Amino acid sequence: MVFAFVACDKNDNFVVFSTENDVQLGLQVKDEIAKDASIKILPAAQYPEVYNFLYHIRDGILNSGKVAYKDEFAWEVYVIDDDKTLNAFATPGGYIYVYTGLIKYLDNADDLAGVMGHEMAHADLRHTVRTLQKTYGVSVLLSVALGKDPGTLGQIAAQIAGQLAGLKFSREYETEADEHSVDYLAQTEYACNGAAHFFEKLTASEQAGQPPEFLSTHPNPENRIENINAKAASLGCDTSLATNTGYDAVKASLNKSS
Ligand SMILES: [Zn+2]
């Protein structure tokens with residue numbers, strides 16, 4: 001028998017789902033993504049440069065002292081081979097996915113760290129389960145987490161991966177994730193406003209007529225650059241770019257034939 005209990009979590013949010021349920025649901029979504037023939041995960045064994053680079057960013061964020069579920073969540077990282085998609089996402093329980101399109105698009109390790117911080121914040125702050133809970137209700141979500149509702153799981157996995165209509169976070173959640181990204185990066189070697197660089201580049205691309213996929217799942221880009229920079233200013237954290245990160249070499253390694 002499974003008991004759902006009502007409690008506040010470490011971030012003082014009212015969440016009915018337990019954090020174990022987050023990890024269970026994340027694992028289900030991860031398995032669903034692995035089964036999806038349209039999503040190709042780059043094998044870590046063949047792309048050690050790329051994976052080690054992302055692990056380094058992840059570990060810096062996890063060691064920031066600002067991640068509430070550092071030890072409870074999985075924090076696994078996967079790269080999706082899709083150069084056309086400028087996106088990244090995290091499932092509940094901390095399974096993180098980064099598209100090759102995003103890695104190739106960004107200019108600096110700091111920018112990528114900013115986006116990863118943002119996505120990790122969505123998982124750590126449990127934005128995804130809090131959003132899904134409203135849509136599906138707790139009992140359905142629990143069945144999905146326990147592997148008892150494959151139909152709904154398929155739908156949720158597609159939403160989280162940004163297919164179909166995608167998962168829409170509230171503006172409040174987006175702002176919260178942006179600000180946490182600054183908080184995390186403030187404790188790392190990366191420019192703490194790295195997430196702002198990404199939006200600056202996207203806004204410029206949008207004006208140049210390229211489709212900004214990330215903005216469709218992350219609405220209301222207005223003021224986000226400003227908010228991120230204001231958060232950085234209030235923390236007084238370092239906004240200078242990290243040096244010798246090897247980001248160009250990582251991008252080049254993605255172009256090698258596997
Ligand atoms: Zn977001």
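Across the chain the average pLDDT is 88, and 86% of the residues score at least 70.

This is a predicted model, where local features need pLDDT of at least 70 and side-chain atom pairs count only at pLDDT 80 or more, while totals for chains, interfaces and linings use all residues. Numbering starts from 1 along each chain as its sequence is written, and side-chain values use heavy atoms, with hydrogens and water left out.

## Helix 2 against helix 4

Helix 2 (residues 48-62) and helix 4 (residues 109-124) have axes that come within 10 Å and cross at roughly 55 degrees. That makes helix 2 oblique to helix 4. On the cut-offs, angles under 35 degrees are roughly parallel, over 145 roughly antiparallel, 65 to 115 roughly perpendicular, and the rest oblique. Axes here are lines fitted to C-alpha atoms, for helices over the stretch in contact, with angles from 0 to 180 degrees between N-to-C directions. Helices (H or I, at least four residues) and strands (E, at least two) are DSSP runs, numbered from the N terminus.

Who meets whom? On the helix 2 side, it's Phe53, Leu54, Ile57, Arg58, Ile61 and Leu62; helix 4 brings Ala109, Leu112, Ala113, Met116, Gly117 and Met120.

## Two buried residues

Thr91 sits in the loop between strand 4 (88-90) and strand 5 (95-99). With a relative accessible area of 0%, Thr91 is buried; buried means under 20%, exposed over 50%, and partly exposed in between (1.4 Å probe, protein chains only). Setting aside residues up to four places away in sequence, Thr91 touches Gly26, Val29, Tyr97, Ala123 and Ile160.

Ala177, in helix 8 (residues 171-185), is also buried, at 0% relative accessibility. Beyond its neighbours within four places in sequence, Ala177 contacts His118, Ala121, His122 and His127. C-alpha to C-alpha, Ala177 and Leu125 are 8.0 Å apart, though 52 residues separate them in sequence.

## Helix 5

Helix 5 (residues 127-136) is largely enclosed by the rest of the structure, because 8 of its 10 residues are buried. Those buried residues are His127, Thr128, Val129, Arg130, Thr131, Leu132, Gln133 and Tyr136. Just after helix 5 comes Gly137, with a positive phi of about 85 degrees.

Notes: Contact = heavy atoms within 4.5 Å. pLDDT = per-residue confidence, 0-100.
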